[in-house]
Amino acid sequence: MRTKRTTIFLIPLLILVSHSMALGQAFMTDSGTAVFHSEVPLHTFSGSSDFLTGRIDLEDKTVDFYLDLHTLETGIDKRDRDMLETLEAEEFPFAEFFGKLTSNFDPENTSPQTVTVEGDFKIHGVTNETKITGTLQMTDNGLLVKAGWTLLLKDYDIEPPKLLFVKVDQQQDIEIEALLKPVED
């Protein structure tokens, strides 16, 4: 009889402990993907990097990502050099986001969950408050993050480059995807 009572008491306790451990867990990556999509009349192009670095702490709900702009590639060396010059990457080498998860996330649920983060996005030495919607999904291998948002170059004091007499569009669509691994204590 005592064993049965102990088991009945331990099962809810184990569920509670495993839930609080997941909530207190931090996740990191240094190999996420960041992609931007840009347009000029009659032409679109993208750039990407597989060196997105990030950390999410489910306990304090902090979200912290950055990217070395020198790792972005568009597939054309001259365009890459022009992009880095436009972004003044020698002076401002990183794009950064730091904020908080402002919506609920259940780490016990393994389905993709829509979440919102709010914080500061900084590029070209200019910081703006940004709200980003994406998904978080707890997997066997870690925390999968997918998000996308649009930024306007003028909001970050970036003068769009010209191709001949045509300027690159002000609107840049950004996407990130990363599998963050649990941080060992």
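**The barrel, its core and its pocket**

Q: Which residue stands opposite F36 in β10?
A: Strands are DSSP runs of E with at least two residues and helices are runs of H or I with at least four, both numbered from the N terminus. β10 covers residues 171–182, and 7 bridges join it to β1 in the antiparallel sense. In β10, the residue opposite F36 is I174.

Q: From which number do the residues run along each chain?
A: This is a predicted model, in which local features need pLDDT of at least 70, side-chain atom pairs count only at pLDDT 80 or more, and totals for chains, interfaces and linings use all residues. Side-chain values use heavy atoms, with hydrogens and water left out, and the numbering follows each chain as its sequence is written, starting from 1.

Q: In what order do the 8 strands close into a barrel?
A: The protein has 2 helices and 10 strands. Two strands count as paired if DSSP finds at least two bridges between them. With antiparallel pairing, 8 strands close into a barrel in the order β1-β2-β3-β4-β5-β6-β7-β10.

Q: What is the average twist from one strand to the next?
A: The strands concerned are the 8 that close into the barrel. Their axes are lines fitted to C-alpha atoms, and angles run from 0 to 180 degrees between N-to-C directions. From one strand to the next, the twist averages 25°.

Q: How many residues lie between β6 and β7 in their hairpin?
A: β6 (residues 126–139) and β7 (residues 142–152) run antiparallel and are joined by 7 bridges. Within this pairing, L136 stands opposite V145 in β7. The number of residues between the two strands of the hairpin is 2.

Q: Which residue in β10 is the bridge partner of K146?
A: β7 and β10 pair in the antiparallel sense over 10 bridges. For K146, the partner in β10 is E177.

Q: Which residue in β6 is the bridge partner of E118?
A: β5 (residues 113–123) and β6 are antiparallel and pair over 11 bridges. In β6, E118 has as its bridge partner K131.

Q: At what relative accessibility does N109 count as partly exposed?
A: Buried means under 20% relative accessible area, exposed over 50%, and partly exposed in between, with a 1.4 Å probe and protein chains only. N109 lies in the loop between β4 and β5. It counts as partly exposed because its relative accessibility is 29%.

Q: What is the volume of the largest pocket?
A: On a 1 Å grid over the protein atoms alone, a pocket is an open set of points where a 1.4 Å probe fits, with protein on both sides within 12 Å along at least five of seven lines; lining residues have an atom within 4 Å of a point. Grid points are joined across faces, edges and corners, and the volume is the space filled by probe spheres set on them. For the largest pocket, this comes to about 910 Å³.

Q: Which element gives the largest share of the lining of the largest pocket?
A: Of its 49 lining residues, the closest to the centre are F36, L72, I123, L151 and I174. The largest share, 6 residues, comes from helix α2.
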